[in-house]
Amino acid sequence: MQNDDPIYHDKDEITEMEEPEIPEVLPMMAVRDVVIFNYMIIPLFVGRPASVNAIQEALAGDKLLLLVTQKDSTIDEPGQDDIYKVGMVCMIMRTLKLPDGRLKVLVQALHKAQVKKVVQEVPHFTAKVELFPEEKPTDVSVETEALMRSVREQTEKILSLKGVVSSELMVILNEIEEPGRLADLVVSNLRLKTAESQQVLETIDPIDRLKKVAEFLNKELEVSTMQAKIQSEAKEEMGKTQREYFLREQLQALKKELGDIDDKSEEIEELRLKIEKARMPSNVKKESLKQVKRLEMMHPDASEATIVRTYLDWMLDVPWRKSTKDFLDLKLARQVLDEDHHGLEKVKERILEYLAVRKLNRSTKGPILCFVGPPGVGKTSLGKSIARAMGRKFYRLSLGGMRDEAEIRGHRRTYIGAMPGRIIQGLKIVASNNPVFMMDEIDKVGSDYRGDPSSALLEVLDPEQNFEFTDHYLNQPYDLSRVMFITTANVTDTIPSPLLDRMEVIRLSGYILEEKVVIAQRYLVPRQLQQNGLQEKHFSIDDETLSLMVTNYTKEAGLRNLEREIGKVCRKVARRVAEGGKGPYAVNKRTLNKYLGPPKYQPESEIDVIDQPGLATGLAWTEVGGEILYVEVSLLKGKGRLTLTGQLGDVMKESAQAAMTVCRSRLEKLGKDENYFDEIDVHVHVPAGAIPKDGPSAGVTIVAALYSALVGKKVRQDVAMTGEITLRGRVLPIGGLKEKALAALRAKITTVIIPEQNKTDLVEIPKVLRDQINFVTVKNVDQLLAKIF
């Protein structure tokens, strides 16, 4: 229940009314934040079920109910202990049902009453009441008359201080001759605390009630006087500021008339005007005006003046509160992302999730995303596409080779040629405080005696800190929380752990053959046609030829070399067109060699692999995607030595030694005697000896090749494997499964053996890939050996 504002008295309140007969038991309703006095007429908004039930019961009878005040207005369902025992019997004069389901009820107070007993609480309060005896007019003594005059005067002072004095109310106050009724009227119009008003209501004696009101009035008068004084001082201060402004304007006008105003004064006033219009935060505005005052006191030719003027230009150019409006149409954003990039579902889903959250919560902070993947998979172009989908400005910053911390935080103004950092510079260029800000090659940041930029990035890329990023040059906090930061990297190994922890890593593994062909037809070929001045009527290439170009002329996870090869074909066609040829020139698998020459790469499946025991096919992960790795083992008469060749790293050497131990522990299964390994030398070689190789995932491949050589059986050539081994023969999980699977698919391998614990990673493998490759999981070496022969 809420009461309307303001509480008022009808003029008839000072006349005698003929009261209806009040029954002993009445419906009772609790009201909040208001104490009702005799003769008050007040509208109430009723919404609580118990209160509505009480109103309906009263309307069904004689329209009478008891209104009592809650002790705590925050309680929605008060019990009998939560309400005062003294209230007013009121009559319902009018009701109105509102559209939101509440009732608007107009009631008039008739008689003060006390709750003797609560008869029921559900569905509404019903109480047995005892009426207080009606106050009889008494002869007013001199002391009482003085008290009544004092109350009237104090009331008038308080109302005038608050600016709500009403001549009509003062007439009513002066006409009332009864102390009790005067006290009730004053209290109901002065907005005292609920507890204080209730004290007045519960005071039965009229003189005592008026004395209590006088006490409260004295206290209220002191508070109102102090409040008026504070408001007056604030108004005087505001008037002083306005007066100074007008005087300054008049002074400028006089100077202009007299010809005394110079270019410097115009510049200073122009700077002040720009600062006022720039919508800077209060602390930034204060600092800027302070620097303007300094500039005003300097000679125009002083070196310090140039520094201050440059600083002010930066303060004015930085977009403190200038932003672009986000496009929050998820369907349109999805359409834009699909237009610009094929596949990459994981990244697109994450961007659409962010837009959905922005749609529901406009104050959400920008995400910090990190795209990790091989070169050429579309990390940077994806950032541009995200900015287009969101309707934001885009800025790209390359971090590769950056070694100076000042590149991020800026230089202090004490240095000659000082400038803000690249973050603030980028925001100035795009003129928006919520762009998509891409930081390329975050894995290639360096450090030297000038500082560590990756440590400075900790503040920039932390949503809990970057809302008050402080550039050394500006020396004022800037809110970066609305910026959407996207970083890119080829690997995460070189990114410091604290920095990596602040970013949400999304891995882009690379594309399968079918995806590359689709992307080439949809994006790469049209782009190369445009760059080389060709039209579609001059040139055509089919999907089969593009597939051949991918397999025979490129060897990459991304698309850069493929676009170069397409560009090479387009340039040769452009030359023919420029020489007068009309075309069209159709490039197919028969004519491809004429344009690109003989194939640069031969698919692994077509290489003449030695079909004999001791050879196994493994899978390796590199920075540029997955690769096929062959392991060869030869057994020679000797003295038990293990020779490792092929530029193997320490981890891979240890894997070979572990594989040797695993095989030696299975001599009985091999059918060899205990001294067998003392009479032979084992040579393990990994081809492409000029390329360094390392990593733990070749353990199972070395075991398979070694075991194959020992038993004289050939390993299936359509099987590739990856996994780390232990001395007990367990197969441990590995990383980079998708990249390795793509390498297997390029080599036309149909079965890939993986560790059992990597089974959960298969959900990350595209369905197209899972349909073409049979993934077999193994827990130990015994299961591995059962599947490879």
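At what angle do α10 and helix α12 (residues 379-390) pack, and how far apart are their axes? Before I answer, please keep in mind that this is a predicted model, in which local features need pLDDT of at least 70 and side-chain atom pairs count only at pLDDT 80 or more, while totals for chains, interfaces and linings use all residues. Residues are numbered from 1 along each chain as its sequence is written, and side-chain values use heavy atoms, with hydrogens and water left out.

The answer is an angle of about 150°, with the axes of α10 and α12 8 Å apart, where axes are lines fitted to C-alpha atoms, for helices over the stretch in contact, and angles run from 0 to 180 degrees between N-to-C directions. That makes α10 roughly antiparallel to α12, a term that applies to angles over 145 degrees. On the α10 side, Ala-333, Val-336, Leu-337, Glu-339 and Asp-340 meet Ser-385, Ile-386, Arg-388 and Ala-389 of α12, contact meaning heavy atoms within 4.5 Å.

The contact is made by Leu-330, Ala-333, Arg-334, Leu-337 and Asp-338 of α10, together with Glu-345, Lys-348, Glu-349, Ile-351, Leu-352, Leu-355 and Ala-356 of α11.

Let me turn to helix α21 (residues 650-664), whose 15 residues should span 21 Å at 1.5 Å a residue, and whose end C-alpha atoms are 21 Å apart, which agrees; the expected span is 1.5 Å times one less than the number of residues. Within α21, the buried residues include Met-652, Ala-656, Ala-659 and Cys-663, where buried means under 20% relative accessible area with a 1.4 Å probe, protein chains only. Ser-655 also lies in α21, and at 8% relative accessibility Ser-655 counts as buried. Leaving aside neighbours within four places in sequence, Ser-655 is in contact with Gly-695, Pro-696, Gly-699, Ile-702 and Ile-725.

The other serine, Ser-708, has its place in helix α23 (residues 699-711), and Ser-708 is buried, with a relative accessible area of 0%. With neighbours within four places in sequence again set aside, the contacts of Ser-708 are Pro-613, Gly-614, Leu-615, Lys-713, Lys-714, Val-715 and Phe-789.

Methods:
Helices (H or I, at least four residues) and strands (E, at least two) are DSSP runs, numbered from the N terminus. Buried means under 20% relative accessible area, exposed over 50%, partly exposed in between (1.4 Å probe, protein chains only). Angles under 35 degrees count as roughly parallel, over 145 as roughly antiparallel, 65 to 115 as roughly perpendicular and the rest as oblique.
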